[in-house]
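Hi there,

Here is the structure I promised to pass on to you. Have a look at it first, and then read my notes below.

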Amino acid sequence: MEAFKRFLGKLAAWSLAIVTIVTAGWLWVSLKYVYSSGERAGYVQKFSRKGWIIKTWEGDLAMVNLPGAMSERFAFTVRNEEIAKQISESMGQRVVIKYDQHRFLPGTTFGETEYFVVSVRREPNENDPAPARAAEGVAAPKGSI
């Protein structure tokens, strides 16, 4: 009977070790492997810092295809403080965000979405004045800055 109890103890310890290793491997692969990458352009509507244990920035990007059309909402997560600062400074302006999609993350511990922003850049507004080149007599192409 004593040998059987020792066997059950070892079995439980090995089972716990295997479950821990598999879970750690799954998390590592989910966070490091990029399922897809892309860019989205629009206006940041909402941007806030959230999380119980791991704080992340969560935002919504409104993408409008045609004037007067209903906008599509793109939810994203930011883990980098520098990128979060750039997004906060560009609220109300058109931006292009580059993101990586990480699939199969457990729950919302690492962010509310599977789309993690890796960079952001401001897009010029068509109502902005033309660049300095236009004053020199060289017309700038529409939409370039």
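**What I found**

At 16% relative accessibility, Thr113 counts as buried (buried means under 20% relative accessible area, exposed over 50%, and partly exposed in between, with a 1.4 Å probe and protein chains only). Thr113 sits in the loop between S4 and S5, and its side chain reaches the backbone oxygen of Tyr115 at 3.2 Å. Leaving aside neighbours within four places in sequence, Thr113 is in contact with Glu58, Ala75, Phe76 and Thr77; contact means heavy atoms within 4.5 Å.

Before you go on, please note that this is a predicted model, where local features need pLDDT of at least 70, side-chain atom pairs count only at pLDDT 80 or more, and totals for chains, interfaces and linings use all residues. Residues are numbered from 1 along each chain as its sequence is written, and side-chain values use heavy atoms, with hydrogens and water left out.

Now the overall picture. The protein chain has 3 helices and 5 strands, which run α-β-β-β-α-β-β-α from the N terminus on. Helices (H or I, at least four residues) and strands (E, at least two) are DSSP runs, numbered from the N terminus. Of the 145 residues of the chain, 24% count as buried.

Which residues touch the most other members of the largest nonpolar core? Of its 16 residues, they are Phe47, Leu61, Phe76, Val78, Ile87 and Ile97. The elements that give two or more residues to this core are strands S1 (36-50), S2 (56-63), S3 (72-78), S4 (94-101) and S5 (115-122), together with helix H2 (81-89). A nonpolar core is a set of buried Ala, Val, Leu, Ile, Met, Phe, Trp, Tyr and Cys residues joined through side-chain atoms within 4.5 Å. Not counting residues up to four places away in sequence, Phe47 touches Trp57, Glu58, Gly59, Phe76, Val78, Ala84, Ile87, Ser88 and Met91.

Is Asp60 buried or exposed? Asp60, found in strand S2, is buried, with a relative accessible area of 8%. A polar contact of 2.9 Å joins the side chains of Asp60 and Arg73 (a polar contact is a pair of N or O atoms within 3.5 Å; within protein, one must be able to donate a hydrogen and the other to accept it, and residues adjacent in sequence count only if both atoms are side-chain atoms).

Finally, Phe7 is in helix H1 (residues 2-32) and is partly exposed, with a relative accessible area of 47%.

Enjoy exploring!
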